[in-house]
Amino acid sequence: SKVRTESGKIGYIKTDKLTNKTVVREKLEKAKQVEPENYVQANPQNDSDGMYSNISSPTGVVADKNGNLFVAGFSDNTIYKIGPDNKKIVYIKSEKIDGPIGLAIDKDENIYIANYNKHNILKVDKNGAISELIGNIKNPYCMYITDGLLFISSQGSNSVIRYKLKR
């Protein structure tokens, strides 16, 4: 039932299942979605705002030490490379890639792809050779590398996997 809260707003009475106490909660208002006033269509310079367009369902993003940006395109199973000169190229397009989500890069500039639909992690060396690093990970999502360890969130198993990278 509706009631007025101490702040004068309309609220409702609810019984907390954990404590079995009756509490009064303020009515939650839905957040309004606002369209931006304008979209920036640009080839951004390193020191400016802008947007890279025509990337099919962009998901993971990583950068190497040379200023190259790598972007996973989930819908077209492609990894794009955007150089410091803002030129975008198809870096990797392979039947081994199916639903790339997360990307990570190590100090040797190997790129790791969380291959969501194939339930594996791919490793791409700096020469472009693709190999399966880890198989049988249900819906891998995000990745992070630190101190020679690759951490992978597995959406399908509600877990985080730690994998020691070989030197």
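Let's start with exposure: a residue is buried under 20% relative accessible area, exposed over 50%, and partly exposed in between, using a 1.4 Å probe and protein chains only. Asn158 is exposed, with a relative accessible area of 73%. You'll find Asn158 in the loop between strand S13 (149-154) and strand S14 (159-164); strands here are DSSP E runs of at least two residues, numbered from the N terminus.

A quick word on the model. It is predicted, so to speak of local features takes pLDDT of at least 70 and side-chain atom pairs count only at pLDDT 80 or more, while totals for chains, interfaces and linings use all residues. Residues are numbered from 1 along each chain as its sequence is written, and side-chain values use heavy atoms, with hydrogens and water left out.

Now go to the opposite case, strand S6 (residues 78-82). Four of its five residues are buried, so S6 is largely enclosed by the rest of the structure. S5 and S6 run antiparallel and are joined by five bridges; strands count as paired if DSSP finds at least two bridges between them. Within that pair, Leu69 sits opposite Ile82. The S5-S6 hairpin has four residues between its strands, and Asn77 in the turn has a positive phi of about 50 degrees. On to strand S7 (residues 88-93), which pairs with S6 in the antiparallel sense, again over five bridges. Here Lys81 has Ile89 as its bridge partner. Five residues separate the strands of this hairpin, and Asn86 takes a positive phi near 70 degrees.

Next, the interior. A nonpolar core is a set of buried Ala, Val, Leu, Ile, Met, Phe, Trp, Tyr and Cys residues joined through side-chain atoms within 4.5 Å. The largest one has 13 residues, of which Phe70, Ile79, Leu103, Ile111 and Ile113 touch the most other members. Strands S5 (69-73), S8 (100-105), S9 (111-115) and S10 (120-124) each supply at least two residues of this core. Apart from it lies another core of 12 residues, including Ala104, Tyr112, Ile145 and Tyr163. In soluble globular proteins, nonpolar side chains tend to be buried together.

Leaving aside neighbours within four places in sequence, Phe70 is in contact (heavy atoms within 4.5 Å) with residues including Val62, Ile79, Tyr91, Leu103 and Ile111.
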